Amino acid sequence: MRFRTLGAGAALGASAFAFAHYAPALPDSAIARPAQQFGLPFAGPPGPDTWMLGQGYGNTTGAYRQRRRTYGNLQGVHAGLDFSAPCGTPVRSIGDGTVAEVDGPHGSPPHNVVINHAGNLSSLYGHLRVRSSLRVGQAVKRGDVIGQSGDSQETCISAPHLHLELRDRSHQRFFNPLPYIRADWDSLSLAGSFGRGYQYDLNAPRRWQTPESQPEVRRGGALLNEFARPWPPAPGGGR
């Protein structure tokens, strides 16, 4: 989590997002239902030289291994989509909206952007290479470039990818982006993954095993994947 000095012109925006982080989660009745109303964050076709879906949203094996640390405040779940892409790939807004935060307190370093959309939804773009030139309050259209993809380890060779989340405007609820984003998810899921899919609970081996069936996440809620009989087992046999 990183905080940066805000100019006077950003004071109102800072107050707004500070309020959002302490606001109660919005009810279902206030949030737009999924209707494939958004697009992908990259232009052009996927491929090994452009971008690919690296890690899905939800109960992934990678999130399970880090459920008590990196994802402990997100119920142990990977609460977004990871798109592998070379550093510097233009990142585009998934929908019309207004810039709510530039390098706000959402982690996903080194840089991030949050855009508010209709229906009390917000999209977060994390691990951007450089600070976005956008201004808080600026209107953007679907497909507008809002930044450049970067690397979570800031090397551009270790883990270059974009982390994309879809939240409610209060930033307390995290949604599976798939039913909101129009894309050929079946094809995208076939190649490019840098994980091993989803973690099994052998007491309920069919639960949360498809991209579409992944659970919503509540900030600060109890772990969803504290399985009694996990598979694959945690490294070293520890849980």
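Buried here means under 20% relative accessible area, exposed means over 50%, and partly exposed lies in between, as computed with a 1.4 Å probe on protein chains only. The model is predicted, so that local features need pLDDT of at least 70 and side-chain atom pairs count only at pLDDT 80 or more, while totals for chains, interfaces and linings use all residues. Residues are numbered from 1 along each chain as its sequence is written, and side-chain values use heavy atoms, with hydrogens and water left out.

**The disulfide**

- The structure holds one disulfide, a term that stands for a pair of cysteine sulfur atoms within 2.5 Å.
- Cys87 is joined to Cys156 with an S to S distance of 2.1 Å, and the link is left-handed, with -100° about the S-S bond.
- This pair links distant parts of the chain, 69 residues apart, with Cys87 in the loop between strand 2 (81–84) and strand 3 (90–92) and Cys156 in the loop between strand 9 (150–151) and strand 10 (160–168).
- Strands are DSSP runs of E with at least two residues, numbered from the N terminus.
- Cys87 is partly exposed at a relative accessible area of 24%, and Cys156 is likewise partly exposed, at 34%.

**Gly54 and its surroundings**

- Gly54 is found in strand 1, which covers residues 52–55, and counts as buried with 1% relative accessibility.
- Leaving aside residues up to four places away in sequence, Gly54 touches Asp82, Phe83, Ser84, Gly192, Ser193, Phe194 and Gly195, where contact means heavy atoms within 4.5 Å.
- The C-alpha atoms of Gly54 and Leu162 are separated by 9.3 Å, although these residues are 108 residues apart along the chain.

Definitions and conventions
Helices (H or I, at least four residues) and strands (E, at least two) are DSSP runs, numbered from the N terminus.
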